[in-house]
Structures are given as C-alpha cells and as structure tokens.
Amino acid sequence: MKKLYTGAIGAFAICLVFTAQADTMNVEGTIYWVQISQGQAVEMPNGTKGRTLMRNHGTVVRANGDVSSQWCTGHQGVLASGQAGGAGYCTSISDNGDMIYYSYMLGEEGEPVAWTVMGGSGAFEGATGSGTSTTTSRRGDGQAWTSQSKGSITTM
C-alpha cells in the first residue's frame, strides 16, 4: 500500500508542476499588413477563381507595446456563386527571436479570420491557442490593410 500512496503523491506533484508552468495570456493587437506577392491567379473549369501562394508581411503591435514581425503564406478561392474562403499559415518573430507558428482560415468578405497556434520556439515552444482577426481598414488597391487581433496563447 505504501508504494501506491507514494505513486499517488508523485502523480499529484507532477500535475501541480505542469499546471504551475502553463501560462495563458490574452493577446490583443493591431497588425499593419502589406501584400508582398499577390500569388498566381487560377481558374477552375467550374468557375471557381482563386490565388495561390499569396505572401503578406505584418508588423504586429500588441496592446502591451510588444512589436513583432509576421510572415504569412496562403491560398484564397471564390466560387462562381461568389462564396469566398481560404487558408494559410504564418510565422510571427519577436524581437528576441522567439517564434510562434499558426494557421488561419478565411471566411466570407467582412468575416473575422480564425487563427490557431500550432507551436513555436523559445518561450513559445509547445504553445497552443486561438483567436480571430478583423480587418479594420483597407487601402483602395488591396495591397495594404490593418486588422485587429484578439485571442489567447498558452505556453508551457
């Protein structure tokens, strides 16, 4: 019985360590985007149009004043009916070199973009989280825009 009791204490202590090390932070910020490459235009036989390998750069300014550089690559499509969508991935690099990797999913025009953290390096190794970004302004030629992002990131 003594071994079971000791094992139970050990398991409880490990749970406390993992709980103590996990840190969830709410993130909020403004992202200033510039389209680096429009990608290649494609049109499918069914009338679906799209762009592949679009590349964008964003300067992220978080509510706490932290600044990072973000690089994204994605694909976008518009059905003949006008329904739009798309997806891609991004790497956000902080001034100290720590990185966060995440994927995003586009919705209809004017809908928020949903993003999901897929991990990272440095302080963000093993990170998880999610949130949304909403476009707040767009330049007339579509080559630059500003968005507001909100969500949470949990680090270990």
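Biologist: Is Cys72 buried or exposed?
Modeller: Cys72 is buried, with a relative accessible area of 4%, where buried means under 20%, exposed over 50% and partly exposed in between, taken with a 1.4 Å probe and protein chains only. This is a predicted model, in which local features need pLDDT of at least 70 and side-chain atom pairs count only at pLDDT 80 or more, while totals for chains, interfaces and linings use all residues. Residues are numbered from 1 along each chain as its sequence is written, and side-chain values use heavy atoms, with hydrogens and water left out.

Biologist: Which residue forms a disulfide with Cys72?
Modeller: Cys90 does, with the two sulfur atoms 2.0 Å apart, and a disulfide here is a pair of cysteine sulfur atoms within 2.5 Å. The pair links distant parts of the chain, 18 residues apart, with Cys72 in strand 4 and Cys90 in strand 5 (residues 84–94); strands are DSSP runs of E with at least two residues, numbered from the N terminus.

Biologist: And what about Cys90, buried or exposed?
Modeller: Cys90 is buried, at a relative accessible area of 3%.

Biologist: Switching to Thr73, where does it lie?
Modeller: Thr73 lies in strand 4, which covers residues 67–78, and Thr73 is buried at 7% relative accessible area.

Biologist: Which side chain does the Thr73 side chain make a polar contact with?
Modeller: That of Arg55, at 3.3 Å; a polar contact is a pair of N or O atoms within 3.5 Å, and within protein one must be able to donate a hydrogen and the other to accept it, while residues adjacent in sequence count only if both atoms are side-chain atoms.

Methods: Helices (H or I, at least four residues) and strands (E, at least two) are DSSP runs, numbered from the N terminus.
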